[in-house]
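Here's a quick briefing to read alongside the model. Have the sequence and the 3D view open as you go.

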Amino acid sequence: MTHDHQPEILRYTAFSADPAGGNPAGVVLDAAGLDEARMLAIAAELGYSESAFLTERTGDGAYTIRFFSPKAEVPFCGHATVATALALAERDGPGELEFSTPAGQVPVSVVREGGELRATLTSVAPHVEETAPADLAEALAALNWAAADLDPALPPRISYAGARHLVLAAATRERLADLDYDFARLEALMRRLGLTTLQLVYREGPDLFHVRDPFPVGGVVEDPATGAAAAAFGAYARELGLVPEAAVLTLRQGADMGRPGTLTVELRAGDARVRVSGTGTRIG
């Protein structure tokens with residue numbers, strides 16, 4: 001059945017209401033008849049950083065979901081989660097969803113604000129860990145960054161909220177804008193450390209950040225809007241005391257690629273989980 005089943009492949013962008021902005025994702029709302037090889041082939045054919053596949057409906061608004069980059073399955077993908085939630089909301093109406101991901105349970109709430117749908121995902125429990133000096137040195141070498149290019153107020157850490165991301169903060173917006181890295185070298189380091197992306201950050205204001213996400217392990221140079229990394233960054237910012245325990249952060253991503261998007265990160269007092277929200281729209 002795996003190759004006889006021809007699923008409908010939807011294309012959505014997440015974290016922008018403009019089809020030319022944000023991060024595009026493939027969405028298959030009925031992937032029950034697809035095996036892993038077919039899902040990977042669809043993701044590779046689309047060429048987006050990730051595509052999402054609903055493999056089983058487990059209850060009212062509850063689904064099992066899997067995520068594939070063009071090269072491999074990933075445990076969690078924020079923008080494809082948002083894209084899938086918006087696709088379901090357009091089909092079934094706004095409301096509460098529950099996605100069973102390889103990383104754990106991820107609730108998503110979809111509401112209509114004016115003429116736009118907005119999805120908010122709630123991450124799995126996050127954690128933050130130190131970065132070994134040798135690993136940091138290798139990351140900087142692969143990026144062609146000097147140690148002086150880092151913002152000492154935002155120290156390097158590896159943060160997890162469904163997937164692992166190395167957070168590195170640039171001292172200037174110009175440093176962040178000038179991204180020209182050694183693809184193979186960075187990919188090798190990321191595979192060794194089990195990283196999904198690097199979350200490169202520049203802090204413009206107390207709650208406003210510009211971010212970029214190299215994604216060589218997924219087979220693409222850069223991810224335009226990265227929900228999983230946004231969740232990890234929220235956990236990082238709270239863990240290091242960079243923001244209050246309860247805060248709303250704005251992350252701007254994709255402008256340097258010509259695909260601007262906005263991710264909203266919410267931290268709540270007494271809840272370790274991180275909420276990431278954004279709009280989206282169907283492509284084509």
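Where is Ser-123 found? Ser-123 sits in the loop between strand 8 (116-122) and strand 9 (127-130), with strands being DSSP runs of E of at least two residues, helices runs of H or I of at least four, and both numbered from the N terminus. Keep in mind that this is a predicted model, where local features need pLDDT of at least 70, side-chain atom pairs count only at pLDDT 80 or more, and totals for chains, interfaces and linings use all residues. Residues are numbered from 1 along each chain as its sequence is written, and side-chain values use heavy atoms, leaving out hydrogens and water.

**Around Ser-123**
- Ser-123 is buried, at 1% relative accessible area (buried is under 20%, exposed over 50%, partly exposed in between; 1.4 Å probe, protein chains only).
- Leaving aside residues up to four places away in sequence, Ser-123 touches Ala-161, Ala-231, Arg-273 and Val-274 (contact means heavy atoms within 4.5 Å).
- Gly-227 is 104 residues from Ser-123 in sequence, yet their C-alpha atoms are 9.7 Å apart.

**Salt bridges**
- The count comes to 20 salt bridges (a side-chain nitrogen of Lys or Arg within 4 Å of a carboxyl oxygen of Asp or Glu).
- Arg-66 and Glu-36 pair up at 2.9 Å, N to O; Arg-66 is in strand 4 (residues 62-68) and Glu-36 in helix 1 (residues 36-46), so the bridge ties together parts 30 residues apart in sequence.
- Glu-187 bridges to Lys-71, with the closest N and O atoms 2.8 Å apart.
- Glu-187 is buried at 13% relative accessibility, whereas Lys-71 is partly exposed at 40%.
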